[in-house]
Structures are given as structure tokens and as C-alpha cells.
Amino acid sequence: MPEEEGTLVEIATYFGRKLGEYKTTCPVCERGEFLVTEVEYEVPALGPVLIVSKRCVTCGYRRNDMIPLRSSRRTRIYLRVERPEDYRAKVFRSPFARVIIPELGLDLKPGAAAEMFVTNVEGILRMFLEAVEKYEVLEGVSLERLKEHLTSIIENQVRSLTVVIDDSEGASVCVPEPGSKPMIVVETV
Ligand SMILES: [Zn+2]
């Protein structure tokens, strides 16, 4: 998702404060120019985090990391999606976050090598669709009906649902589209 990763630093810079930007040699291809950007970003009600974005223009390697600057408690974010514009609410998902959509019985645990990423509700649903496809391959099963159901929700964007982000480090955040006011509840556990 190069486009989404590109917007991460832009959004974080808009809401936060750029601390520094420096260039070094890419550790992956060992010849490209490696750009490292550090942005401090204030997560509402949770405190400051550092977003470190690294990318190489030569080999295309990129990675975003999010480091909480203050030790925070576990949080659960409930984002209620009712209208098509709510599907465009931005979701910053930290590597520690589990994503649950109770109405659809979907639950995605954080991966071992997961990195911080920014997406929206539509992107979350596509992530689940990919996970279902991976599961089909691994388990040798067919989940056509579930995939059709997910695809129709993504295409029509009229289904009401709740996205729950359960983050053990309290580092994830939801930012609604300007002009849209979905219900967002942040609970510290
Ligand atoms: Zn490189």
C-alpha cells in the first residue's frame, strides 16, 4: 500500500511536529539514498508518539515505526460506521493492535512483524478480505460467501458496523474525515 504509507507522514506532519529528516545509505540495497523522517505526533487523550518513517528511493524499501513516547495503558477504540463518509475515517493502526468487527464476526490479531500503518475503514475491510483469502489457501477451504459479503460491503458502503481497535500499547488512533462525525469512543482498559 505505497499510497497509504505515503500519506502517513503527511498526516502525522499535519497533526504533529517534524523533529528531523536525514539521509543515509540504505541498509538493504547498500547503495540507495535512505531518507529517515521523524515526526512527533500527539495522539488525542493518549499522549505523544514518535513516528519514524524510512524509505529508499533506489530499491523502494520502506518502513514506518511508531514508538510511544510515554508509557500508555491499553486502549480500545470503538468507531461506529453509519454513513458512506464514515468509511473514509482514517485509522492509524499500531503493530500492537487487534482489529475486530463484531457484526461480521471478524477478528484479526496483530502479526509478529506488523508495522504501523494508516488506512481507512474501507482499507480495514480489504485487509480482512486478504486475510480470508490467505486463510483459504492455508487451510484448503473455500469461503466464497464470506468473501462475496465483504466485497459487497466494500463496494456499497452502506452497511452499519463497528470497528474495534484493541491496542495493548494504546498507540492506535482514529481520525474522522473533515465534515463527518462518526461516533468514536476511546476506552482505557
Ligand atoms: Zn535501498
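F128 is buried, with 21 other C-beta atoms within 10 Å. Here a residue counts as buried if 20 or more other C-beta atoms lie within 10 Å of its own, as exposed if 12 or fewer do, and as partly exposed in between, with C-beta atoms placed from the backbone. The model is a predicted one: local features need pLDDT of at least 70, side-chain atom pairs count only at pLDDT 80 or more, and totals for chains, interfaces and linings use all residues. Residues are numbered from 1 along each chain as its sequence is written.

**The chain as a whole**

The chain has 189 residues, and 26% of them are buried. Its secondary structure comes to 3 helices and 12 strands. Helices (H or I, at least four residues) and strands (E, at least two) are DSSP runs, numbered from the N terminus. Two residues are in contact if their C-beta atoms, placed from the backbone, lie within 7 Å. Among contacts in the chain with a separation of 6 or more, 67% join residues 24 or more positions apart.

**Helix α2**

F128 is found in helix α2. This helix covers residues 121-139, which makes 19 residues. From its first C-alpha to its last, α2 reaches 27 Å, close to the 27 Å expected at 1.5 Å a residue. The expected span is 1.5 Å times one less than the number of residues.

Which residues of α2 are buried? They are V121, I124, L125 and F128. Seen down the axis of α2, these buried residues fall within an arc of 100°, so they line one face of the helix. The arc is that of the directions from the helix axis to the C-beta atoms. The face turned away from the buried side carries the exposed residues E130, E133, K134 and V137. Just after α2 comes G140, with a positive phi of about 65°.

**What F128 and L108 touch**

Leaving aside neighbours within four places in sequence, F128 is in contact with L106, L108 and L150. F128 and D107 are 21 residues apart in sequence, and their C-alpha atoms are 8.4 Å apart in space.

L108 lies in strand β8, residues 106-108. L108 is partly exposed, with 17 other C-beta atoms within 10 Å. Not counting residues up to four places away in sequence, L108 touches R98, V99, M127, F128 and A131.

**How α2 meets α3**

Helix α3 covers residues 144-156. The 13 residues of α3 should span 18 Å at 1.5 Å a residue, and its end C-alpha atoms are 18 Å apart, which agrees.

The axes of α2 and α3 come within 10 Å and cross at roughly 165°. Axes are lines fitted to C-alpha atoms, for helices over the stretch in contact, and angles run from 0 to 180 degrees between N-to-C directions. The two helices are therefore roughly antiparallel to each other. Angles over 145 degrees count as roughly antiparallel, under 35 as roughly parallel, 65 to 115 as roughly perpendicular and the rest as oblique. α2 passes α3 in a left-handed crossing. A crossing is left-handed if the near helix is turned anticlockwise from the far one by less than a right angle, and right-handed if clockwise.

Which residues meet between the two helices? From α2 come E122, L125, R126, F128, L129 and V132. From α3 come L146, K147, L150, T151, I153 and I154.

Most residues other than glycine have a negative phi. E30 has a positive phi, near 60°. E30 lies in the loop between β1 (17-25) and β2 (33-43). With 11 C-beta neighbours inside 10 Å, E30 counts as exposed.

α3 is followed by Q157, whose phi is positive, near 50°. Q157 sits in the loop between α3 and β10 (161-167). With 17 C-beta neighbours inside 10 Å, Q157 counts as partly exposed.

**Pairs apart in sequence**

N64 is found in strand β4, residues 62-68. N64 is buried, with 20 other C-beta atoms within 10 Å. N120 lies in strand β9, residues 117-120. N120 is partly exposed, with 19 other C-beta atoms within 10 Å. Not counting residues up to four places away in sequence, N120 touches Y87, R88, A89, K90 and V91.

| Pair | Apart along the chain | C-alpha separation |
|---|---|---|
| L108 and A97 | 11 residues | 8.8 Å |
| N64 and T37 | 27 residues | 9.5 Å |
| N120 and R88 | 32 residues | 5.2 Å |
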